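Let's take a friendly walk through a structure together. Have a look at the picture first, and then read on.

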Protein chains: 2
Amino acid sequence: MALNKQPYRGTRDFFPKDKRVRDYLFTVMTKTAESFGYESYDGPLLEEVELYKAKSGEELINEQIYSFTDRGERFVAIRPEMTPTLARMVAQVHREQSKPLRWFSIPNLMRYEKPQRGRVREHWQLNCDVFGTPGRLGEVEILQVAVELFQNYGASSSHFEILLNDRAIVDAVFKNMMKATDAQTYRLYKIVDKAKKITHEALHKMVSEVGLDTIAENIFYHYLQLSTFEGVKSFLEKNDQTEIATAFSSFVEFTEKANLTEYLKYDPTIVRGLDYYTGIVFEIFDKHPDNRRALCGGGAYANLLQIFNEDPLSGVGFGLGDVTLRDFLEVHKLLPNLEIPVNDVFVTFQEDDGLDATLKLAQSLRKNGLKIVTSLEALKFKKVFPTAEKKGVKFVTLMGSDELAKNQIQLKNLETKEQHSLDLADLEAILKIIKA
Amino acid sequence: MALNKQPYRGTRDFFPKDKRVRDYLFTVMTKTAESFGYESYDGPLLEEVELYKAKSGEELINEQIYSFTDRGERFVAIRPEMTPTLARMVAQVHREQSKPLRWFSIPNLMRYEKPQRGRVREHWQLNCDVFGTPGRLGEVEILQVAVELFQNYGASSSHFEILLNDRAIVDAVFKNMMKATDAQTYRLYKIVDKAKKITHEALHKMVSEVGLDTIAENIFYHYLQLSTFEGVKSFLEKNDQTEIATAFSSFVEFTEKANLTEYLKYDPTIVRGLDYYTGIVFEIFDKHPDNRRALCGGGAYANLLQIFNEDPLSGVGFGLGDVTLRDFLEVHKLLPNLEIPVNDVFVTFQEDDGLDATLKLAQSLRKNGLKIVTSLEALKFKKVFPTAEKKGVKFVTLMGSDELAKNQIQLKNLETKEQHSLDLADLEAILKIIKA
């Protein structure tokens with residue numbers, strides 16, 4: 001029986017035209033991160049499951065992780081996310097590194113997902129993180145990196161927005177203002193996380209089951225109505241949370257100075273899970289009505305190194321997956337046309353004896369940094385140009401019997417249609433036209 | 001108990017300075033492959049084990065593969081090599097693609113190895129393959145790609161050599177000349193593969209156990225003595241294998257025209273396993289006495305698509321791993337110094353009030369394509385330069401109380417030590433100096 005030609009369920013084959021799209025996504029990620037002085041790192045594909053247990057939620061470990069026991073009885077998993085690896089690596093070196101530590105990576109990750117739009121089992125994810133920044137400037141910088149990244153893809157505030165919250169505010173509301181117990185706080189976090197996806201009735205039912213008094217319930221509903229930085233500030237101040245209000249205002253002020261205002265929107269329902277984050281939390285949302293969902297999420301954390309018994313080191317980071325990003329760029333028509341490759345010259349010959357000369361010419365052109373596609377057999381004139389088009393070349397060289405006799409080539413510019421007869425030996429003249 | 005900070009056994013953490021080396025290796029691979037018009041592809045991390053069983057040797061499947069059963073009862077493996085994925089992908093599209101098909105990839109692969117020098121469990125491997133070339137030109141082109149790749153790392157024929165054989169020759173010797181049965185041929189391949197690593201006595205013992213007649217044994221020993229293209233040609237001709245001799249001579253002639261002669265050496269012991277290859281087979285060897293081993297291997301194959309019930313499509317390819325390549329470049333001192341990153345400007349301020357102005361300056365400089373490292377807190381003059389050095393910047397901007405008052409910066413070139421006072425508003429003047 002013949003083998004199946006399709007890729008493993010939920011994964012993708014990247015044929016050249018798909019790979020060019022991925023390369024484009026990664027190049028813009030890399031250039032943006034490097035424009036902020038972030039340095040690229042990577043870790044192993046496999047980690048011991050212990051590492052994920054220590055950091056991640058139970059759902060991930062139980063249902064979504066690709067885990068198995070290796071031949072040496074180690075219980076390992078294909079990385080489902082990069083942060084645990086990042087924490088492990090930073091824990092090794094943070095003491096001798098000068099701060100801030102700015103790192104980025106674009107690893108492939110696997111989760112056992114039910115394949116559907118925007119969800120695949122293997123995807124790539126940009127991870128940008130900065131450690132050891134003074135005050136709230138790391139949070140501002142990470143937002144800047146995210147915004148400039150989207151700008152570098154050609155997107156603006158008409159395409160996306162950043163919904164933002166601060167875990168310090170959420171904690172102040174639940175614990176200081178509502179006097180919720182830890183168990184109640186846990187349930188409130190879960191409710192907030194779902195608030196936008198459920199009906200009012202369902203929300204009220206869930207809240208009533210938490211066992212809060214009426215005053216606390218009212219505070220909670222008031223909190224859920226907040227939608228501006230001004231609003232949250234005055235809400236906190238009126239409820240005697242001046243310190244939290246001032247700290248958040250100072251952060252908001254920095255975002256204004258960093259030209260982020262038009263992108264940011266306060267959203268009380270953004271909390272991003274229960275553990276881990278301690279400062280701002282945010283999600284970047286597509287504004288397109290057909291693709292209204294989170295593209296990217298991140299936040300600030302204080303205790304990432306705790307599981308390694310290391311001193312606290314504050315950090316902020318975000319992750320952006322290739323699948324959701326590609327959908328976003330496609331729905332907004334921001335993806336460049338990458339159907340065909342980009343090459344410089346298609347070197348051809350029309351008589352069998354032309355092979356040797358053209359192989360040598362191709363070699364010389366490559367040594368000068370050009371991308372050369374060679375024809376390995378005599379090619380009829382009318383076959384040259386369709387192939388040239390598929391290969392995305394700017395120039396074609398031709399060598400018929402006349403040229404062969406004179407040791408010349410015809411060099412044709414496919415855009416201007418200009419054509420030159422040139423001596424094969426005069427590489428300088430050939431290069432001058434190609435590189436003009 | 002604190003978690004282990006070390007990576008999973010046999011895998012590597014790529015801290016920024018190691019990642020820069022990997023990026024350098026990959027950039028040269030990509031540029032070289034693209035200079036020949038090869039297009040990048042990639043496939044999934046996991047494949048069904050069936051695919052490897054159909055193509056690879058038993059050792060790989062039984063002992064070296066990371067395989068497990070997924071939650072949907074599929075028996076899958078982390079890819080240990082790229083060729084089966086490549087074959088699966090080419091089988092999907094080869095009918096509608098114009099030939100030759102030139103593809104390359106740099107996937108991460110995993111094998112359950114006992115970690116030792118040059119052997120790790122996760123490595124990356126450049127795979128270059130060309131399909132559907134006329135005659136023997138694909139074989140020549142793949143050798144050219146490999147040679148130019150090493151040249152692009154700064155290596156020459158004093159650093160490496162290509163040991164080459166042709167499976168058509170080996171088959172002619174064993175089957176036509178020695179009249180070996182299939183079972184004997186199988187054993188002879190195994191012996192040839194080991195010939196260089198064992199003593200003469202061990203070799204003779206193994207040969208005597210194959211059960212050949214004396215004439216055949218003598219032919220075998222004569223074959224093992226061959227070491228030049230001339231020698232193999234006359235050996236074949238004398239033994240009535242004119243067709244094979246001519247075909248090989250035609251290949252050798254092309255390699256001369258492609259300037260490959262100084263790199264190539266005939267080696268009768270290169271066979272590269274039993275199945276799969278049908279034309280040339282080669283290994284690139286390091287010439288350094290401390291690192292005398294194969295860096296890279298490849299060859300030509302005719303039946304890669306057979307397992308998918310597809311028509312034969314001839315192909316040639318090679319693979320080069322990142323670990324052996326790095327060792328090669330290090331032993332020959334060909335690796336550039338990548339200890340520190342490369343950035344353009346370190347933007348600093350010496351008074352707290354300088355933050356806003358410098359954040360804006362940094363943003364403007366980034367928009368002009370520069371790599372900017374910002375100081376997020378007031379930095380004393382004497383602290384600026386050690387940090388600048390670690391960050392690999394060419395320029396530093398300073399903003400003390402004088403500059404703050406006048407809305408100016410000092411721009412210092414760290415190489416020439418030239419320093420300019422410039423208006424913050426005059427971005428053009430700042431850029432002119434930086435981009436000069």
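This is a predicted model: local features need pLDDT of at least 70, side-chain atom pairs count only at pLDDT 80 or more; totals for chains, interfaces and linings use all residues.

## Where the chains meet

On the chain B side, 70 residues are in contact with 70 residues of chain A. Sorted by class, the side of chain B that touches chain A holds 34 nonpolar, 14 polar and 22 charged residues.

Now compare the two sides: 100% of the interface residues of chain B are also interface residues in chain A, so the copies meet through the same surface.

## A hairpin in chain B

Let's return to B:Phe68. Its bridge partner in β4(B) is B:Val76. Strand β3 (residues 66–69) of chain B and strand β4 (residues 75–78) of chain B run antiparallel and are joined by four bridges. Five residues sit between the strands of this hairpin, where B:Glu73 takes a positive phi near 65°.

## Two helices in chain A

In chain A, helix α1 (residues 16–35) packs with helix α5 (residues 137–152) at an angle of about 135°, and their axes are 9 Å apart. That angle makes α1(A) oblique to α5(A). The crossing of α1(A) past α5(A) is right-handed.

Which residues meet here? From α1(A) come A:Val28, A:Met29, A:Lys31, A:Thr32 and A:Ala33, which meet A:Val145, A:Glu148, A:Leu149 and A:Asn152 in α5(A). By class, this contact has five nonpolar, two polar and two charged residues.

Methods
Residues are numbered from 1 along each chain as its sequence is written. Chains are lettered from A and ligands numbered from 1 in the order in which they are written. Two residues are in contact if their C-beta atoms, placed from the backbone, lie within 7 Å. Ala, Val, Leu, Ile, Met, Phe, Trp, Tyr, Cys and Pro count as nonpolar, Asp, Glu, Lys and Arg as charged, and the others, Gly among them, as polar. Two strands pair if DSSP finds at least two bridges between them. Axes are lines fitted to C-alpha atoms, for helices over the stretch in contact, and angles run from 0 to 180 degrees between N-to-C directions. Angles under 35 degrees count as roughly parallel, over 145 as roughly antiparallel, 65 to 115 as roughly perpendicular and the rest as oblique. A crossing is left-handed if the near helix is turned anticlockwise from the far one by less than a right angle, and right-handed if clockwise.
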